[in-house]
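Reader: I have not looked at this model before. Please take me through it by question and answer.

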Amino acid sequence: MVIITCPKCARKHKVNPDIIQVHIDSGKNISATCRSCKYKFPVLMDQLIDRSSTEKQTQGQKARKICVTLSKGGVGKTTTCVNLGAGLALAGYRVLLVDTDTQGQSSYILGKKPNAGLTELLTKELTPAECIVNARKNLWLLGGGKSLAGVKRIIDRKSFGAEWTLAEAMEPLDHQYDFILMDTSPGWDQLIVNVLFYATEVLVPVALEVMPLHGLSEFMKSLGSIQKYRNEISLKYIVPTFLDTRIKGPQVLYSELKKLYPEYVCTPIRYSESLSEAPSFGKTIFEFAPGSFASADYRELVRKVSRDDTALV
Ligand SMILES: Nc1ncnc2c1ncn2[C@@H]1O[C@H](COP(=O)(O)OP(=O)(O)O)[C@@H](O)[C@H]1O
Ligand SMILES: [Mg+2]
């Protein structure tokens, strides 16, 4: 059963999910009229999810550790990491987002200004609980930011086991979440190597623009060199991003990508103004434009990654 609350008189109404399923499937915003005060109001898509039945009580199991990475900047890594995390959280999973980028954009997108984050965890200045902030229901954040530059220098100076620094610091958190999603900075540095020594699954967003496939094949080589030392990690998802359906070029690149990596390529994320506007409001795509096609694309990715065809439908 779905509960919709009237924003005017706060009266709660039980609604049969079968009746609204068609609207949920269409992804469009819908409106409701309160039976008590007759107030007409828009209903947000994520209010329609029956949380009591979707809450996944899997505490105790090890989290799936997924890193979102590609050396090229501006391909949609941060956007994908945050919105995938937010979507998994809406689907009832406990999610920790780890921002390993010095730009600290994950916090910005979620409208948070954490006092501490990954730096303090890696330098052991604070306990994990002190470094992590709750960003939404089921969604936690270990923020990145400028201070990570100093951490990279500390890692670089280590003469022994430098690549395991992050894995060691994160270990106590492994059983507290269903998913640990890590966003990485562009380029290739010691912190990314650390992420690849901790994560077990790799998700690569590939912008369907000029030269994306070159960056991908370069990354595959780098991943191969990590796998020589750590075979637990593997590429799981290639997410085409910025698909502009009005022009031919991106569709050609998408077909090429599917031919080259048929087992990894996911349904693309279409080009959407909403995705570039949402961060300045501190909102995820599900909050900013729940009825948009970008929201529908990220819900599809949530189903793929969670391996649950019924998630957020
Ligand atoms: N599908 C999309 N459609 C339109 N704009 C997007 C899309 N995905 C991301 N953006 C915007 O493009 C810019 C780069 O995305 P971002 O996720 O920060 O890339 P990266 O983390 O790889 O550098 C951001 O301003 C973001 O809001
Ligand atoms: Mg980024």
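Reader: How many helices and strands are there in the protein?
Author: This is a predicted model, in which local features need pLDDT of at least 70, side-chain atom pairs count only at pLDDT 80 or more, and totals for chains, interfaces and linings use all residues. Residues are numbered from 1 along each chain as its sequence is written, while chains are lettered from A and ligands numbered from 1 in the order in which they are written. Helices (H or I, at least four residues) and strands (E, at least two) are DSSP runs, numbered from the N terminus. The protein has 14 helices and 11 strands.

Reader: What percentage of the residues in the protein is buried?
Author: A residue is buried if 20 or more other C-beta atoms, placed from the backbone, lie within 10 Å of its own, exposed if 12 or fewer, and partly exposed in between. The protein has 313 residues, and the buried share of them is 41%.

Reader: Is I4 buried or partly exposed?
Author: I4 belongs to strand 1, residues 2-5. Because 18 other C-beta atoms lie within 10 Å of I4, this residue is partly exposed.

Reader: Which element gives the largest share of the shell around ligand 1?
Author: A residue counts as near the ligand if its C-beta atom, placed from the backbone, lies within 6 Å of it. The shell has 16 residues, with G76, K77, T78, T79 and S276 the closest. Two or more residues each come from helix 12 (273-277) and helix 3 (77-90). The largest share, three residues, is that of helix 3.

Reader: How is helix 3 oriented to helix 14?
Author: Residues are in contact if their C-beta atoms, placed from the backbone, lie within 7 Å; N83, L84, G87 and L88 in helix 3 meet Y298, R299, L301, V302, V305 and S306 in helix 14. Axes are lines fitted to C-alpha atoms over the stretch in contact, with angles from 0 to 180 degrees between N-to-C directions; here they come within 9 Å and cross at roughly 70°. Angles under 35 degrees count as roughly parallel, over 145 as roughly antiparallel, 65 to 115 as roughly perpendicular and the rest as oblique. Helix 3 is therefore, relative to helix 14, roughly perpendicular.

Definitions and conventions:
Contact = placed C-beta atoms within 7 Å.
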